[in-house]
Amino acid sequence: MLRSILPYALLLLVISPAWAGEFNQVLSIGDAAPMWNDLPGIDDGKHGLDDWKQAEVVVIAFTCNSCPYATDVEQRLIALTKDYKDHGVAVVAINSNKVPDDELPAMKERAATAKFNFAYLSDPTQQTAKAYGAITTPEFYVLDKERRVVYMGAMDDSPDGKQIEHPYVRQAIDAALTGGKPAVAETVPIGCRIRFQRVRRKR
């Protein structure tokens with residue numbers, strides 16, 4: 001697995017500006033989390049980050065219906081939400097893809113079938129993903145009480161969840177709940193590319 005990750009990691013190191021994270025072109029660990037508002041959810045409501053202002057920790061998962069890497073983490077995300085629900089941890093999944101399989105009606109169907117127990121929001125303008133520097137599904141961000149980024153990257157070190165040795169997101173949550181910092185704060189996100197819409201240049 002390391003062999004497949006290494007070229008991608010090296011590419012990110014080359015193209016990332018000095019002020020960004022190791023594997024993120026926009027955010028660094030310790031940055032204030034970008035705010036967002038009015039994202040439509042599968043509950044037919046509109047949601048912003050402040051909806052979870054009482055939470056001790058917020059986990060944001062950029063994910064989708066159409067990527068096998070994303071569907072592989074669904075049960076782990078459900079389990080994580082259940083395990084931390086009494087510890088002041090909010091889990092928010094955001095789908096930024098712009099294809100029929102990832103539009104809101106399909107999101108509602110997927111959430112019902114898989115029995116999601118976390119918020120699932122659509123990012124129709126794709127601006128939320130861009131603000132976070134998210135490029136893959138799935139890709140995770142753990143925010144502390146002050147809504148600063150304490151972790152970003154993969155959920156753990158096993159894309160299919162079969163041989164997990166380092167549960168990065170859980171470790172980051174545990175650290176944030178005690179006011180500490182995780183031993184591993186940033187990893188390479190492994191998954192499918194977010195399908196950003198191309199903007200045509202005006203002549």
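This is a predicted model: local features need pLDDT of at least 70, side-chain atom pairs count only at pLDDT 80 or more; totals for chains, interfaces and linings use all residues.

Q: Is C64 buried or exposed?
A: The cut-off for burial is under 20% relative accessible area. C64 has a relative accessible area of 2%. C64 is therefore buried.

Q: Which residue forms a disulfide with C67?
A: The limit for a sulfur pair is 2.5 Å. The sulfur of C67 sits 2.1 Å from its partner's sulfur. By this rule the model has one disulfide. The partner of C67 is C192.

Q: What is the handedness of the disulfide of C67 and C192?
A: Handedness follows from the torsion about the S-S bond. For C67 and C192 that torsion is about 80°. The disulfide is therefore right-handed.

Q: How many residues apart in sequence are the parts that C67 and C192 tie together?
A: C67 lies in the loop between strand 3 (57–62) and helix 2 (68–72). C192 lies in strand 9 (residues 192–193). The pair thus ties together parts whose separation in sequence is 125 residues.

Q: Is T128 buried or exposed?
A: T128 is part of helix 5 (residues 127–132). Its relative accessibility is 6%. The cut-off is under 20%, so T128 counts as buried.

Q: Which side chain makes a polar contact of 3.3 Å with that of T128?
A: Leaving out residues up to four places away in sequence, T128 touches W36, L39, F62, I94 and D123. A polar contact requires N or O atoms within 3.5 Å. At 3.3 Å, the side-chain partner of T128 is D123.

Q: What is the volume of the largest cavity?
A: The search covers the whole structure and keeps cavities of 30 Å³ or more. Two cavities pass. The largest has a volume of about 60 Å³.

Q: Which helices each supply at least two residues of the lining of the largest cavity?
A: The lining includes A70, T71, E74 and L77. By class, the lining has eight nonpolar, two polar and one charged residues. The helices in question are helix 2 and helix 3 (74–84).

Q: Which strands give two or more residues to the lining of the second largest cavity?
A: This cavity holds about 30 Å³ of space. Among its lining residues are E139, Y141, M152 and G153. The contributing strands are strand 7 (139–143) and strand 8 (149–153).

Q: How many charged residues are in the lining of the second largest cavity?
A: The lining includes F23, N24, E186, T187 and P189. Four of the lining residues are nonpolar and three are polar. The charged residues number two.

Q: Which residues are closest to the centre of the second largest pocket?
A: This pocket has a volume of about 180 Å³. Its lining comprises 13 residues. They divide into six nonpolar, three polar and four charged. Closest to the centre are D144, V149, V150, G180 and K181.

Methods. Residues are numbered from 1 along each chain as its sequence is written. Side-chain values use heavy atoms; hydrogens and water are left out. Helices (H or I, at least four residues) and strands (E, at least two) are DSSP runs, numbered from the N terminus. Buried means under 20% relative accessible area, exposed over 50%, partly exposed in between (1.4 Å probe, protein chains only). A polar contact is a pair of N or O atoms within 3.5 Å; within protein, one must be able to donate a hydrogen and the other to accept it, and residues adjacent in sequence count only if both atoms are side-chain atoms. Contact means heavy atoms within 4.5 Å. On a 1 Å grid over the protein atoms alone, a cavity is a set of points where a 1.4 Å probe fits but cannot get out, and a pocket is an open set with protein on both sides within 12 Å along at least five of seven lines; lining residues have an atom within 4 Å of a point. Grid points are joined across faces, edges and corners, and a volume is the space filled by probe spheres set on the points. Ala, Val, Leu, Ile, Met, Phe, Trp, Tyr, Cys and Pro count as nonpolar, Asp, Glu, Lys and Arg as charged, and the others, Gly among them, as polar.
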